[in-house]
Amino acid sequence: MSTENPAADSRPLSESEAEAEARRIIEGLWRSEPATTSTSYVDRTPVPAYGATPPVPQPDHRIVPPWAAGVAVASIGVGAGITGVGCGVWLVCQGFAAVTLTSVLFVTLPIAAVAAAVVAVGSVVRSVKAANVTTHHHYSGPVQQEHTTQVTNHGKWFGRSNTTVNH
């Protein structure tokens with residue numbers, strides 16, 4: 001009979017042996033020591049309830065180089081910007097698709113009214129200026145004016161031209 005596992009024998013256990021085996025199994029299940037493995041570590045030291053905790057070194061082991069991270073961030077920004085531009089184009093196209101006579105008049109009539117008001121004010125100002133300015137020409141003596149203009153072009157595109165104007 002084995003002392004570690006009496007149930008491994010082929011004979012049935014006595015009542016005291018069965019009780020001892022059950023006690024051994026239950027104590028093994030409720031053992032307070034955790035099973036340790038070589039791949040994990042749990043720090044059992046208590047953390048202070050208040051106050052400054054000591055710093056823990058955290059070495060930097062990046063997989064991605066900094067320039068690649070910068071390119072990734074920039075590409076996200078460009079993608080977001082292009083998405084905004086695309087939404088704007090979509091909205092403009094939706095606006096063009098919903099063009100009706102009423103919407104065209106609603107947009108253009110205020111612009112036409114302002115333009116008409118500007119033209120009216122400009123014509124009033126011009127007529128007031130024309131009414132206030134009087135021009136008198138006083139000549140004393142003979143007036144002799146002779147102007148001769150001669151232009152000779154050797155054009156690159158249209159050949160030659162020779163123009164003489166006498167005034």
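This is a predicted model: local features need pLDDT of at least 70, side-chain atom pairs count only at pLDDT 80 or more; totals for chains, interfaces and linings use all residues.

Author: Residues are numbered from 1 along each chain as its sequence is written, and side-chain values use heavy atoms, with hydrogens and water left out.

Reader: How many salt bridges does the structure hold?

Author: Side chains of opposite charge can pair when their charged atoms come close. A salt bridge here is a side-chain nitrogen of Lys or Arg within 4 Å of a carboxyl oxygen of Asp or Glu. By that criterion the number of salt bridges in the structure is three.

Reader: Which residue forms a salt bridge with Arg24?

Author: The closest N and O atoms of the pair are 2.7 Å apart. Both partners lie in helix 1, three residues apart, about one turn of the helix (helices are DSSP runs of H or I, at least four residues, numbered from the N terminus). The partner of Arg24 is Glu21.

Reader: Is Glu21 buried or exposed?

Author: Buried means under 20% relative accessible area, exposed over 50%, and partly exposed in between, with a 1.4 Å probe and protein chains only. The relative accessible area of Glu21 is 9%, so Glu21 is buried.

Reader: How many disulfides does a search of the whole structure find?

Author: A disulfide requires a pair of cysteine sulfur atoms within 2.5 Å. Cys87 is partly exposed at 42%, and Cys93 is partly exposed at 46%. The number of disulfides found in the whole structure is zero.

Definitions and conventions: Helices (H or I, at least four residues) and strands (E, at least two) are DSSP runs, numbered from the N terminus.
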